Amino acid sequence: MSAPERIPPRSVTPHELLAKGELTVRGQVREASNAVLYCTVEYEGVSAACVYKPVAGEQPLWDFPDGTLAQREVAAYELSEAMGWGLIPPTVLRDGPYGQGMCQLWIEASADEETGAALLALVEGDEPGPGWKAVGFADVGEDRTALLVHADDERLRRLAVLDAVINNGDRKGGHLLPSADGRLYAIDHGVTFNADDKLRTLLWGWAGEPLPGEALTALRRLSADLADGRPLARRLAELITPAEIEALRGRVAELLRTGRHREPSGQWPAIPWPPV
Ligand SMILES: Nc1ncnc2c1ncn2[C@@H]1O[C@H](COP(=O)(O)OP(=O)(O)O)[C@@H](O)[C@H]1O
Ligand SMILES: [Mg+2]
């Protein structure tokens, strides 16, 4: 008698794991403005670490009166997927021990601290130096200023385009997670998709420069995916307001029209403070 054939375990996608898995709270992340819970999620024998931000733990923001920050985080993930660059870890909306919230795969930071530090720096003088892009001058105390720079890195450049699309109001250094596998992930997308221009970011280094071909290709595809009735547009309608979807289409059209990276709308580039 031959041995029974083994049924290979069905592979569970991160999305399925997050959406259907059993969520167990293991701790709370301290340095956070909203309730951020460190959890594990388990489904069909597969488990992973994740964050769970319950809507009940969100600080209300006067300029984001509609919907929830959790919905905006999920909408940002949907946009990241639509652009095809995988910059935002898998994120879902689901129920949990403290009610509805967003659940996002936990990214194990690179053990090499240099990787994170190599994305941003403060330098003396007024030239960014090779491999760096200038953001602007920062007051570093004792009547001294230093030049804030970020790396001339293709992953950051893609993120600058994604942030312009989602209208990110808070792209700071601490929201960039270089992972152990050498990728770069971006987190914390609660203040996005406002119908007014809220772009506040450190990634101004390419401001006004022509967009790379891959960005134009991704934006053209996105523009088609945002048309009424398309799956992406229908999904977004569950997460953000009609006015915000219209403004999103406007931002994509404007990037395609100029063919250039966003420039600051005011006299000074809007950067989050503190920048890390
Ligand atoms: N997906 C994630 N992977 C790894 N660490 C995360 C993730 N999401 C959040 N964190 C950690 O939790 C902290 C707080 O999360 P954040 O999204 O900034 O919360 P808040 O909405 O309160 O600003 C982050 O600075 C980071 O250290
Ligand atoms: Mg934060």
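Reader: What kind of atom of ligand 1 lies 2.7 Å from an N or O atom in the side chain of Lys53?

Author: A polar contact is a pair of N or O atoms within 3.5 Å; within protein, one must be able to donate a hydrogen and the other to accept it, and residues adjacent in sequence count only if both atoms are side-chain atoms. In this predicted model, the atom of ligand 1 at 2.7 Å from Lys53 is an oxygen. Local features here need pLDDT of at least 70, side-chain atom pairs count only at pLDDT 80 or more, and totals for chains, interfaces and linings use all residues, while side-chain values use heavy atoms, without hydrogens and water. Residues are numbered from 1 along each chain as its sequence is written, with chains lettered from A and ligands numbered from 1 in the order in which they are written.

Reader: Which residues lie 3.0 Å and 2.9 Å from a nitrogen atom of ligand 1?

Author: Gln104 places a polar side-chain atom at 3.0 Å, and Ile107 a polar backbone atom at 2.9 Å. Taken alone, ligand 1 exposes 550 Å², of which the protein buries 86% (Shrake-Rupley areas, 1.4 Å probe).

Reader: How many residues surround ligand 1?

Author: A residue is near if one of its heavy atoms lies within 4 Å. There are 16 around ligand 1, and the closest are Ser33, Asn34, Lys53, Ile107 and Asp188. The shell divides into nine nonpolar, four polar and three charged residues (Ala, Val, Leu, Ile, Met, Phe, Trp, Tyr, Cys and Pro are nonpolar; Asp, Glu, Lys and Arg charged; the others, Gly among them, polar).

Reader: Where is Glu44 found?

Author: Glu44 is in the loop between strand E2 (37–43) and E3 (strands are DSSP runs of at least two residues, numbered from the N terminus). Although not a glycine, Glu44 has a positive phi of about 50°.

Note on methods
Helices (H or I, at least four residues) and strands (E, at least two) are DSSP runs, numbered from the N terminus.
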